[in-house]
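Thanks, everyone. I'll take a helix first, then some loop residues, then the aromatic rings. Please have a look at the model.

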Amino acid sequence: MEDVNKGGWLAVLALSGAFVLLVSADLVNDWMRGGSGLHLFLEGILLAVSGVTFIFGLVKLTRANREILFLRGNLQSLEDERDRWKRETHELLEGLSAKIERQFVEWKLTRAETEVGFLLLKGFSLKEIADLRDTKLKTVQQQAQAIYQKTGLGSRSALAAFFLEDLLPPGS
């Protein structure tokens, strides 16, 4: 049950409780005035049914409130775990990025080649890299070739594998 519906359930429960009280008062009043047995019996049944309905609604609302509190606790735990996961992942990615950049420095890539190298690793096509860097496609092609020559790696997949090899567990 959502909090939005809680107000509606409370109103129904309040009306049900008021109905129980009114039927009770009417039953007592009829009994004191000497009402007929059949009339008192029928009002007694109405009181019992409305009382059971009121108690059932009260129990249902109480359970729903407990469930809401439980789910809120679970949601908070999941949000905390998500935030922790994001922080840890961000830290790991920053570390990986720094490690890749250090390797690019070791390979003596220029600043432009380093930018192209990162974009290649992110999976951008040469055309997309040219558009992102506002350069000609031919320039990006030459920079990619320079990267492969300086690294001794023959392709984009070999470049990616160089960095991913130690991150993934060995195959069975």
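In α5, the buried residues are V140, Q143, A144, A146, I147, Y148 and T151. Buried means under 20% relative accessible area, exposed means over 50%, and partly exposed lies in between, with a 1.4 Å probe and protein chains only. Helices here are DSSP runs of H or I of at least four residues, strands are E runs of at least two, and both are numbered from the N terminus.

A word on the source. This is a predicted model: local features need pLDDT of at least 70, side-chain atom pairs count only at pLDDT 80 or more, and totals for chains, interfaces and linings use all residues. Residues are numbered from 1 along each chain as its sequence is written, and side-chain values use heavy atoms, leaving out hydrogens and water.

Back to α5. What covers its buried residues? The cover includes α3, α4 and α6 (156-164). Contact here means heavy atoms within 4.5 Å. Just after α5, G152 takes a positive phi of about 75 degrees.

**Positive phi outside glycine**

Two residues to look at. K108 has a phi near 65 degrees, positive in a residue other than glycine. K108 sits in the loop between α2 (37-106) and α3 (111-121). Buried or exposed? K108 is exposed, at 64% relative accessible area.

Now D134. Its phi is near 55 degrees, again positive and not in a glycine. D134 is in the loop between α4 (126-133) and α5 (137-151). D134 is exposed too, at 72% relative accessibility.

**Aromatic rings**

Rings of Phe, Tyr and Trp (its six-membered ring) pair if their centres lie within 6.5 Å; planes under 30 degrees apart are stacked, over 60 edge-to-face, the rest tilted. By that rule there are six aromatic pairs. Take F104 and F163: centres 5.9 Å apart, planes at 85 degrees, so the pair is edge-to-face. F104 lies in helix α2 and F163 in helix α6, so the pair ties together parts 59 residues apart in sequence. F104 is buried at 1%, and F163 is buried at 12%.

F163 also pairs with W107, edge-to-face, at 5.9 Å centre to centre and 65 degrees between the planes. W107 lies in the loop between α2 and α3 and F163 in helix α6, so this pair ties together parts 56 residues apart in sequence. W107 counts as buried, at 14% relative accessibility. Finally, F104, W107, F118, F162 and F163 form one aromatic cluster.
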